[in-house]
Amino acid sequence: MSIQAGSTLPPIPLYYLQPKIGDVCPYAPETIDVTKLEHPLLTVVVPGAFTPTCTENHIPPYLTTTAIDSLQNAGVKTVLILSVDSPFITRAWGDDLTRDKPEVLKYVQEGYIKFVSDAGAQWLSEVGLVGEPKDSFAKGGLRGLRTAILTDKQGKVTYVGTDLKRGSVEKSGIEAVLSALKK
(Lines give C-alpha, C1' and ligand atoms only; values in the text may rest on other atoms or scores of the structure.)
Protein backbone atom coordinates (compact mmCIF):
# COMPACT_ATOMS: atom_id res chain seq x y z
CA MET A 1 0.00 0.00 0.00
CA SER A 2 1.22 3.46 -0.79
CA ILE A 3 -0.51 6.08 1.34
CA GLN A 4 -2.41 8.71 -0.64
CA ALA A 5 -5.36 11.06 -0.32
CA GLY A 6 -8.56 9.06 0.16
CA SER A 7 -6.91 6.04 1.78
CA THR A 8 -7.00 5.16 5.48
CA LEU A 9 -4.20 4.60 7.96
CA PRO A 10 -3.42 0.99 8.90
CA PRO A 11 -4.37 -0.47 12.30
CA ILE A 12 -0.80 -1.69 12.92
CA PRO A 13 0.19 -0.77 16.49
CA LEU A 14 2.68 1.96 17.25
CA TYR A 15 4.49 2.25 20.57
CA TYR A 16 4.12 5.18 22.93
CA LEU A 17 5.92 5.85 26.17
CA GLN A 18 4.26 8.57 28.19
CA PRO A 19 6.48 11.51 29.10
CA LYS A 20 8.01 11.98 32.51
CA ILE A 21 5.88 14.19 34.73
CA GLY A 22 7.62 15.25 37.93
CA ASP A 23 8.91 12.13 39.67
CA VAL A 24 6.63 9.83 37.66
CA CYS A 25 8.46 8.08 34.84
CA PRO A 26 6.41 5.42 33.02
CA TYR A 27 8.65 2.55 31.97
CA ALA A 28 6.30 0.32 29.98
CA PRO A 29 5.42 1.43 26.44
CA GLU A 30 1.79 1.13 25.44
CA THR A 31 0.51 0.34 21.98
CA ILE A 32 -1.72 2.73 20.13
CA ASP A 33 -3.81 2.11 17.05
CA VAL A 34 -4.10 5.28 14.98
CA THR A 35 -7.45 4.15 13.61
CA LYS A 36 -8.88 4.35 17.13
CA LEU A 37 -7.61 7.86 17.86
CA GLU A 38 -9.89 10.84 17.44
CA HIS A 39 -9.51 12.43 14.02
CA PRO A 40 -8.52 14.75 12.33
CA LEU A 41 -5.03 13.48 13.02
CA LEU A 42 -1.61 14.74 11.98
CA THR A 43 1.17 12.17 11.68
CA VAL A 44 4.67 13.54 11.08
CA VAL A 45 7.16 10.86 10.03
CA VAL A 46 10.84 11.51 10.60
CA PRO A 47 13.88 9.49 9.49
CA GLY A 48 15.22 9.42 13.04
CA ALA A 49 15.13 11.00 16.46
CA PHE A 50 18.12 13.19 17.28
CA THR A 51 19.14 13.39 13.60
CA PRO A 52 20.19 16.86 12.42
CA THR A 53 17.36 17.87 10.07
CA CYS A 54 14.67 16.32 12.26
CA THR A 55 15.97 17.95 15.43
CA GLU A 56 16.99 21.33 14.05
CA ASN A 57 14.60 22.10 11.16
CA HIS A 58 11.66 19.72 10.87
CA ILE A 59 10.06 19.20 14.28
CA PRO A 60 10.86 22.41 16.24
CA PRO A 61 8.48 24.55 14.12
CA TYR A 62 5.67 22.18 15.13
CA LEU A 63 6.58 22.72 18.79
CA THR A 64 5.52 26.35 19.13
CA THR A 65 2.35 27.69 20.68
CA THR A 66 1.55 29.43 17.39
CA ALA A 67 1.75 26.16 15.45
CA ILE A 68 -0.18 24.23 18.09
CA ASP A 69 -2.90 26.90 18.25
CA SER A 70 -3.17 26.85 14.44
CA LEU A 71 -3.44 23.05 14.37
CA GLN A 72 -6.05 23.02 17.13
CA ASN A 73 -8.04 25.84 15.50
CA ALA A 74 -8.07 23.77 12.29
CA GLY A 75 -9.55 20.87 14.27
CA VAL A 76 -6.52 18.57 14.57
CA LYS A 77 -7.16 16.38 17.64
CA THR A 78 -3.74 14.71 17.99
CA VAL A 79 -0.24 15.16 16.58
CA LEU A 80 1.97 12.07 16.27
CA ILE A 81 5.71 12.44 15.72
CA LEU A 82 6.71 9.02 14.38
CA SER A 83 10.17 7.48 14.15
CA VAL A 84 11.54 3.94 13.77
CA ASP A 85 13.55 4.46 16.97
CA SER A 86 12.60 2.66 20.19
CA PRO A 87 9.90 4.26 22.36
CA PHE A 88 12.55 5.09 24.96
CA ILE A 89 14.48 7.09 22.38
CA THR A 90 11.37 8.83 21.02
CA ARG A 91 10.39 9.85 24.56
CA ALA A 92 13.91 11.12 25.31
CA TRP A 93 13.85 13.08 22.06
CA GLY A 94 10.49 14.64 22.95
CA ASP A 95 11.87 15.52 26.38
CA ASP A 96 14.92 17.11 24.79
CA LEU A 97 12.94 19.12 22.23
CA THR A 98 10.56 20.52 24.87
CA ARG A 99 12.97 20.87 27.81
CA ASP A 100 13.12 24.66 27.62
CA LYS A 101 9.55 25.13 26.37
CA PRO A 102 7.15 24.71 29.32
CA GLU A 103 4.36 26.28 27.24
CA VAL A 104 4.74 23.40 24.73
CA LEU A 105 5.69 20.65 27.20
CA LYS A 106 2.16 20.70 28.62
CA TYR A 107 0.78 19.60 25.21
CA VAL A 108 3.16 16.63 25.27
CA GLN A 109 2.28 15.78 28.87
CA GLU A 110 -1.45 16.01 28.09
CA GLY A 111 -1.01 13.73 25.05
CA TYR A 112 -1.98 16.23 22.35
CA ILE A 113 1.50 15.70 20.89
CA LYS A 114 2.83 12.14 21.12
CA PHE A 115 6.32 11.02 20.16
CA VAL A 116 5.69 7.46 18.94
CA SER A 117 7.77 4.55 17.76
CA ASP A 118 7.38 2.22 14.81
CA ALA A 119 10.25 0.00 15.91
CA GLY A 120 10.66 -2.52 13.12
CA ALA A 121 8.99 -0.19 10.59
CA GLN A 122 5.88 -2.36 10.12
CA TRP A 123 3.50 0.63 9.99
CA LEU A 124 5.79 2.57 7.66
CA SER A 125 6.20 -0.47 5.42
CA GLU A 126 2.44 -0.84 5.19
CA VAL A 127 1.98 2.78 4.06
CA GLY A 128 4.97 2.71 1.70
CA LEU A 129 7.06 5.24 3.61
CA VAL A 130 10.24 3.29 4.31
CA GLY A 131 13.30 5.08 3.03
CA GLU A 132 17.06 4.87 3.26
CA PRO A 133 17.24 1.06 3.24
CA LYS A 134 20.34 -0.54 4.69
CA ASP A 135 21.18 2.47 6.86
CA SER A 136 23.80 1.00 9.19
CA PHE A 137 22.85 3.48 11.92
CA ALA A 138 19.13 2.63 11.97
CA LYS A 139 17.49 -0.31 13.70
CA GLY A 140 17.01 -3.02 11.09
CA GLY A 141 18.61 -0.70 8.54
CA LEU A 142 15.32 1.13 7.95
CA ARG A 143 14.24 4.74 8.31
CA GLY A 144 10.99 6.51 7.52
CA LEU A 145 10.63 9.02 4.71
CA ARG A 146 10.17 12.57 6.00
CA THR A 147 6.39 12.95 5.61
CA ALA A 148 3.32 14.70 6.99
CA ILE A 149 -0.05 12.93 6.80
CA LEU A 150 -3.38 14.58 7.59
CA THR A 151 -6.68 12.76 8.05
CA ASP A 152 -10.21 14.13 8.19
CA LYS A 153 -12.82 13.47 10.90
CA GLN A 154 -13.65 10.08 9.35
CA GLY A 155 -9.99 9.00 9.29
CA LYS A 156 -9.55 9.39 5.52
CA VAL A 157 -6.20 10.76 4.41
CA THR A 158 -6.52 14.28 3.00
CA TYR A 159 -2.85 15.22 2.61
CA VAL A 160 0.44 13.39 2.20
CA GLY A 161 3.55 15.54 1.87
CA THR A 162 6.78 13.58 1.46
CA ASP A 163 10.19 15.20 1.12
CA LEU A 164 12.54 13.00 -0.90
CA LYS A 165 15.36 15.52 -1.06
CA ARG A 166 17.71 15.08 1.89
CA GLY A 167 17.27 17.89 4.40
CA SER A 168 14.10 19.31 2.81
CA VAL A 169 10.96 19.99 4.87
CA GLU A 170 9.10 21.77 2.06
CA LYS A 171 6.21 19.26 1.87
CA SER A 172 6.30 17.82 5.40
CA GLY A 173 6.95 20.95 7.45
CA ILE A 174 4.43 22.94 9.46
CA GLU A 175 3.91 25.56 6.74
CA ALA A 176 2.88 22.91 4.18
CA VAL A 177 0.56 21.27 6.72
CA LEU A 178 -1.10 24.55 7.67
CA SER A 179 -1.56 25.35 3.98
CA ALA A 180 -3.15 21.92 3.39
CA LEU A 181 -5.52 22.46 6.33
CA LYS A 182 -6.81 25.65 4.69
CA LYS A 183 -7.88 23.83 1.52
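Burial is defined here by relative accessible area: buried means under 20%, exposed over 50%, and partly exposed in between (1.4 Å probe, protein chains only). The model is predicted, so local features need pLDDT of at least 70, side-chain atom pairs count only at pLDDT 80 or more, and totals for chains, interfaces and linings use all residues. Residues are numbered from 1 along each chain as its sequence is written, and side-chain values use heavy atoms, with hydrogens and water left out.

Aromatic contacts were examined by ring geometry. A pair of aromatic rings is described by the distance of the centres and the angle of the planes. Rings of Phe, Tyr and Trp (its six-membered ring) pair if their centres lie within 6.5 Å; planes under 30 degrees apart count as stacked, over 60 as edge-to-face and the rest as tilted. This rule gives 2 aromatic pairs. Trp93 and Phe115 form an edge-to-face pair, with 5.7 Å centre to centre and 80° between the planes. The pair links distant parts of the chain, 22 residues apart: Trp93 lies in helix H3 (residues 87-98) and Phe115 in strand S5 (residues 113-117). Helices (H or I, at least four residues) and strands (E, at least two) are DSSP runs, numbered from the N terminus. Trp93 counts as buried, at 0% relative accessibility. Phe115 is buried too, at 4%.

Tyr107 and Tyr112 also pair edge-to-face, because their ring centres are 6.2 Å apart and their planes stand at 65°. Tyr107 has 12% relative accessibility and is therefore buried. Tyr112 is buried at 8%.

A charge was also placed against a ring. The charged end of Lys114 sits over the ring of Tyr16, 4.4 Å from its centre. The criterion is NZ of Lys or CZ of Arg within 6 Å of the ring centre and within 35 degrees of the ring normal.

Helix packing involves H2 (residues 65-73) and H6 (residues 174-182), whose axes come within 10 Å and cross at roughly 25°. Axes are lines fitted to C-alpha atoms, for helices over the stretch in contact, and angles run from 0 to 180 degrees between N-to-C directions. H2 and H6 are therefore roughly parallel; angles under 35 degrees count as such, over 145 as roughly antiparallel, 65 to 115 as roughly perpendicular and the rest as oblique. Ala67, Ser70 and Leu71 of H2 meet Ile174, Val177, Leu178 and Leu181 of H6 (contact means heavy atoms within 4.5 Å).

The axes of H2 and H4 (residues 102-109) come within 9 Å and cross at roughly 40°. H2 and H4 are therefore oblique to each other. Here Thr65, Ile68, Asp69 and Gln72 of H2 meet Glu103, Val104 and Tyr107 of H4.
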